[in-house]
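Welcome to a short tour of one protein chain, written for someone who likes to check a model before using it. Please have a look at the sequence and the structure first, and then read on.

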Amino acid sequence: MAVLPPFPGTTGRRDWRTAFDAIRKLLANGDDTTQVFRIMRALNVGNAPMNYARLIATGQGGRIAYDRVELAQRFSDPAFVAGFAPGTVGAAYRHFLETTGYSADGLVAVSRVEPSVDDLAHPYAWFGRRVRDTHDIWHVLTGYQADESMGEASLVAFSYAQVGGLGWALIGTAAALKSIRVTGSTLFAKAVWEGYRNGRKARWISGEDYLTLLNEPLDVARARLGIVTPVAYLRAQRELGPALASYLSTQKTGAGAVPERIAA
C-alpha cells in the first residue's frame with residue numbers, strides 16, 4: 001500500500017488534553033455530539049492519509065477519489081433520497097431519516113462547531129467528510145440503533161476496526177467501561193466488543209462506491225460486505241431495556257425529543 005505524506009501544516013501530535021476534556025463532557029451528556037468531533041480531531045492524527053492511501057490502492061478507489069463526490073450534498077437532496085427502490089440500502093436509509101429526524105446536513109453543521117481542516121479543498125479532508133457523511137449509512141448496514149447509547153457505542157467500535165483512529169477507540173472504550181458501573185452488567189460492554197470484532201470481519205466499507213451501494217438490496221449488500229447479525233447487541237437490547245441501553249443520553253425519548261448521538 002502507498003505511504004502518503006501527512007496533512008500539510010499539521011504537527012502529527014495527538015492532543016490528549018483536549019481528548020480527555022471532551023470525553024469527560026461526552027460521558028456526562030451523550031447528546032453533546034460536538035465533543036465527538038473534538039475527540040476525533042485531537043486523536044485521529046495521520047488517519048486520513050492512511051485511509052486515503054488505502055482507497056486509491058483499491059480497484060475502483062482511484063475513480064472514486066477522482067470523482068470526489070460530496071456525499072452530504074447528495075444525501076441532503078430530497079429527490080435523490082426519494083428515488084431508491086423498496087428493499088434497497090437507499091430505501092432503508094430513507095426510512096432511517098424519516099424515523100429518526102436526522103439529516104446529512106445536520107451532521108455537517110454539528111461537525112463545524114469548531115474551526116478545523118474538514119472543509120479544505122484537499123484529498124484527505126474530502127475522505128474525512130466521506131467517513132462523516134456515511135455514518136448513518138453504516139447504522140443502516142449494521143443494524144445498530146442510532147438513537148441509543150449502546151447502538152452508537154457499538155458502531156463506534158465497528159468504525160475503529162474499519163478505519164482506525166484512536167478517537168473511535170477512546171469513545172467506545174469509555175462508554176463500555178462506564179456502562180458496567182451504570183447497568184451493573186457486562187452486556188453493554190460485550191455488545192461494543194462485538195461491534196469491533198464484526199468490523200474486523202467485514203469488508204472495508206469505506207472503499208465502496210456509495211452511489212452504487214445505495215441501489216443494492218440491503219440483504220445482498222450485507223452478505224457481500226460480510227456484515228453479520230450483532231447477536232450480543234440484540235441480546236443486550238432485550239435484557240437491558242431502552243433506559244439502560246441509552247444510559248448516556250440526558251434526553252428522554254418521545255414526542256418532540258431530539259434523538260441522542262454519542263458518535264458522528
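The buried residues of helix H10 pack against helix H5 (71-75), helix H7 (89-100), helix H9 (123-133), helix H11 (149-163), helix H14 (210-213) and helix H15 (218-225). H10 itself covers residues 135-142, and eight of its eight residues are buried, so the rest of the structure largely encloses this helix. The buried residues are His135, Asp136, Ile137, Trp138, His139, Val140, Leu141 and Thr142.

The average pLDDT of the chain is 90, and 91% of the residues score at least 70. Residues 252-264 are another matter: pLDDT stays under 50 there, although the model has 44 contacts beyond four places in sequence for this stretch. Where pLDDT is low, the predicted coordinates should not be read in detail.

Which residues does Ser159 contact, leaving aside its neighbours within four places in sequence? They are Trp138, Gly164 and Trp168. Trp138 takes us back to H10, where it is among the buried residues, while Ser159 belongs to helix H11. With a relative accessible area of 2%, under the 20% cut-off, Ser159 is therefore buried as well.

Now for two helix pairs. Two packed helices are described by the angle between their axes and the distance between the axes. Here are the values for both pairs:

| Helix pair | Angle between axes | Distance between axes | Handedness of crossing |
|---|---|---|---|
| H2 (residues 34-43) and H8 (residues 104-111) | roughly 60 degrees | within 8 Å | right-handed |
| H13 (residues 187-201) and H16 (residues 231-245) | about 135 degrees | 9 Å | left-handed |

How are H2 and H8 oriented to each other? Their axes cross at roughly 60 degrees, and the two helices are therefore oblique. On the H2 side, Thr34, Phe37 and Arg41 take part, and they meet Leu107, Val110 and Ser111 of H8. Sorted by class, this contact has three nonpolar, two polar and one charged residues.

H8 also holds Gly106. Its relative accessible area is 30%, so Gly106 is partly exposed. Gly106 and Ser76 are 30 residues apart in sequence, and their C-alpha atoms are 9.1 Å apart in space.

H13 contributes Leu187, Phe188, Lys190, Ala191 and Glu194 to the contact, and H16 contributes Val231, Ala232, Tyr233, Arg235, Ala236, Glu239, Leu240, Leu244 and Ala245. By class, the contact has 10 nonpolar, no polar and four charged residues.

Leu244 of H16 deserves a look of its own. Is Leu244 buried or partly exposed? Its relative accessible area is 28%, so Leu244 is partly exposed. Not counting residues up to four places away in sequence, Leu244 touches Val182, Thr183 and Phe188, and Phe188 is one of the H13 residues in the contact with H16. Leu244 and Ser179 are 65 residues apart in sequence, yet 8.3 Å apart in space, C-alpha to C-alpha.

Technical notes
Residues numbered from 1 in each chain as written. Predicted model: local features only at pLDDT ≥ 70, side-chain atom pairs only at ≥ 80, totals over all residues. Heavy atoms only, no water. Axes fitted to C-alpha atoms, helices over the stretch in contact; angles between N-to-C directions. Helix = DSSP H or I, 4+ residues; strand = E, 2+ residues; numbered from the N terminus. Parallel < 35°, antiparallel > 145°, perpendicular 65-115°, else oblique. Left-handed = near helix turned anticlockwise from the far one by under 90°. Contact = heavy atoms within 4.5 Å. Nonpolar A, V, L, I, M, F, W, Y, C, P; charged D, E, K, R; others polar. pLDDT = per-residue confidence, 0-100. Buried < 20%, exposed > 50% of the residue type's maximum accessible area, 1.4 Å probe, protein only.
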